Amino acid sequence: MRAKPTPDQRPLEHEPEFNQFVEAAMSRRRFLQVTGAAGTVGFFASSSISQAIAKSLPSQSNLLGFEGIAISTADNIEVPSGYQADVLISWGDAVVKGAPEFAQNNNAAAQAMQFGDNNDGMSFFPISEQRAVLVVNNEYTNNEYLYPHQGEQITADDALKAQAAHGVSIVELSKLDGKWQVNVEGRLNRRITANTEMDISGVAAGHPQLKTKADPSGKRVLGTFNNCANGQTPWGTYLTCEENFNGYFANTAETELGDTYARYGLNNTDRGYDWYKHQARFDIAKEPNEPHRHGWVVEIDPMNPNSTPKKRTALGRFKHENAALTINSDGHVVVYLGDDERGEHLYKFVSKNQYRPGADSNRDLLEEGTLYVAQFTGTEGELKGQGQWLELTWGKNGLTPENGFPDQASVLIFARLAATQVGATTMDRPEWVAVHPDNQSVFCTLTNNKHRGVKESQPLNVVNPRETNPYGHIVRWRPSQGNHRSDSFEWDIYVLAGNPEVHPTSLMAGSHNIHKDNMFNSPDGIGFDKAGRLWIQTDGKYSNEGDFAGMGNNQMLCSDPKTGEIRRFLTGPIACEITGLTFSPDYKTMFVGVQHPGEDLAPSHFPQGGNAIPRSSVIMITRKDGGIIGA
Ligand code: FEO
Ligand code: CA
Ligand code: CA
């Protein structure tokens, strides 16, 4: 049914030497399995192999101009010497003129004028040397901090407050004395929340599965929520990606929901938001189609505060992580998209029409195109191979009425089921994707997956080779002939995160570019700067014990893809995740997100200190000598 891939014979830009070692290690694993000598994956008796894995340092990088820092378990931000980290804005700070000051008992109306909670992906839009707009996702809320009652009994007003803390914050920045700061007077300042009206656009718009009592057109929806990571277009718009939308819906009918719900994690209970108790649209029993109106990529024009955001159905419905957009050499827009769930997939969208610099028609480029899903092939243990993009187009690859797909809209609305139908590879939670600035290679974080090799539906495969994968890895691929529209690609594993101190003799040590001074787990946010430094942010275990001993708090690292070297650049406060990154155009200011410090009531008071409750914040990093970050 599917064409065989045509392997691109060109070597990868950097053939990481660790592959040799891992390859040897994997062969050893197969040997052990065959002989029944090892019960757990990745246990190697051979110390020479393990030493090769853990101690063969990559060559010295010319790109990384800072000294890597130690781990931290402190309740603050640490950066390399010569750098400075300042808080730019925190949950509850004023965004719109007239907003009250932050207080835990602020109501919904106040929150709707303030910076949302749990900031995640963000993009910087320059207007002039002195003026810019920062657009930031506000992913979710923590009941224990959002409400003085810690979520004991969530009222209708409480639900509205949480909805106002979700969505997107659009904040003008001005440069004063060489430093960016929030301009609360800014004309473009805006909050987009779970109640902002938006359009549903593209092939699925108006489909019967998207119609509700409140919206018989199936083209108009209230709000966006669980806005995880993001994307930025060259025509000046922002893409916000809806991730765990299922957590806001409950089914009070207590009937079993079918596969099209179950596959998206929709069931009889929500994740403690209680919105369904106060607003019928969040009760699947009352509005069975409302969940179909969430799980999309939303395009926002931050330069027009009156613009209506558009949900772009052509990019498919799943638990979107980010949207890594590039312009292919022929002008077609290509967007790489991760679906962050254990055993879900990696996608690619290709626009029907071409990008033309400055043209108004660019505004509709995400309206129409073709969606694909990745299938990785190769030889077990090689940690590299070929892959192909399988088309998710109605009538092709078994996407037909007899398999449950009556039309293209249903393929997009139920993209996960379509991906299974065509034979996509199950992945270890695809989070962010980033395209190298040379436009030749693409990277995706596979954050971790406790089900890998454990659940029957998620056996070990060529690109997800470690049982329970507690540390995560980053896969890199190169489109054939440098053409992002090509159906085939070549891939390798850029880094296997691991702990060479705790697991010195196993594949859990990680790849050769992991050592005791740069260990981390659960890579999540990634992004490139213009020079090609790969910035890696973590959302992992911060116990600093057991398998995670020596890793400390969540952090941000920086890597040189040419040498594979990785150095720790930043450590975050207690129980936070580091997520979201963007730069000023001169790359002299970097914006980094600190999300959920003190989650689960861990003892954080970041950023205010004292007895203050912890607040997610955007951090601004500069160099004391005014230089380029990382250089
Ligand atoms: Fe919102 Fe997959 O992180
Ligand atoms: Ca994430
Ligand atoms: Ca994550």
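Visitor: In which sense do E4 and strand E5 pair, and over how many bridges?

Guide: A word on conventions comes before the reply: this is a predicted model, in which local features need pLDDT of at least 70 and side-chain atom pairs count only at pLDDT 80 or more, while totals for chains, interfaces and linings use all residues. Residues are numbered from 1 along each chain as its sequence is written, chains are lettered from A and ligands numbered from 1 in the order in which they are written, and side-chain values use heavy atoms, with hydrogens and water left out.

Guide: Strands of a sheet pair through backbone hydrogen bonds, in either a parallel or an antiparallel manner. Strands here are DSSP runs (E, at least two residues; helices are H or I, at least four), numbered from the N terminus, and two of them pair if DSSP finds at least two bridges between them. E4 and strand E5 (residues 179-182) pair in the antiparallel sense over 4 bridges, and the bridge partner of Leu-176 in E5 is Lys-179. The hairpin of E4 and E5 has 2 residues between the strands, and Asp-177 takes a positive phi near 50° there.

Visitor: Which other strands are joined to E4 by bridges?

Guide: Strand E3 (residues 131-138) is joined to E4 by 8 bridges, and the two run antiparallel; in this pairing Val-133 stands opposite Glu-172. Strand E6 (residues 190-192) is joined to E4 by 3 bridges, again antiparallel, with Ile-192 in E6 as the bridge partner of Val-168.

Visitor: Why is strand E4 described as largely enclosed by the rest of the structure?

Guide: The term to learn is "buried", meaning under 20% relative accessible area, whereas exposed means over 50% and partly exposed lies in between (1.4 Å probe, protein chains only). In strand E4 (residues 167-176), 7 of the 10 residues are buried, so the strand is largely enclosed by the rest of the structure.

Visitor: How is a sheet order read, as in E22-E23-E24-E25?

Guide: The order lists the strands as they lie side by side: here 4 strands form an open sheet in the order E22-E23-E24-E25, with antiparallel pairing. Strand E22 (523-528) and strand E25 (566-571) are the edge strands, each pairing on one side only. Neighbouring strands of this sheet are turned by 25° against each other on average, direction ignored; the axes behind such a value are lines fitted to C-alpha atoms (for helices over the stretch in contact), and angles run from 0 to 180 degrees between N-to-C directions. Within the sheet, 4 bridges join strand E23 (residues 534-538) to strand E24 (residues 555-559), and Trp-535 stands opposite Cys-558 in E24.

Visitor: Which residues coordinate the calcium ion (ligand 3)?

Guide: Donors are N, O and S atoms within 2.8 Å of the metal (3.2 Å for Na, K and Ca), and since water is not among the atoms, sites may look incomplete. The calcium ion (ligand 3) is coordinated by Glu-431 (OE), Asp-524 (OD) and Asp-539 (OD), at 2.3 to 2.4 Å, and these donor residues are spaced E-x92-D-x14-D in sequence. Distant parts of the chain are linked in this way, with Glu-431 in strand E18 (residues 430-435) and Asp-524 in strand E22, 93 residues apart. The calcium ion (ligand 2) lies 3.7 Å from the calcium ion (ligand 3), and Glu-431 coordinates both.

Visitor: Are Glu-431 and Asp-524 buried or exposed?

Guide: Glu-431 is buried, with a relative accessible area of 2%, and Asp-524 is buried as well, at 1%.

Visitor: Where does His-596 lie, and what is its phi?

Guide: His-596 is found in the loop between E27 and E28, and its phi is near 40°, a positive value in a residue other than glycine. Pro-607 is found in the loop between strand E27 (589-595) and strand E28 (617-623), and a cis peptide bond, with omega about 0°, joins Phe-606 and Pro-607.

Visitor: Which residues line the largest cavity?

Guide: The lining includes His-596, Pro-597, Trp-91 and Arg-615.

Note on methods:
On a 1 Å grid over the protein atoms alone, a cavity is a set of points where a 1.4 Å probe fits but cannot get out, and a pocket is an open set with protein on both sides within 12 Å along at least five of seven lines; lining residues have an atom within 4 Å of a point.
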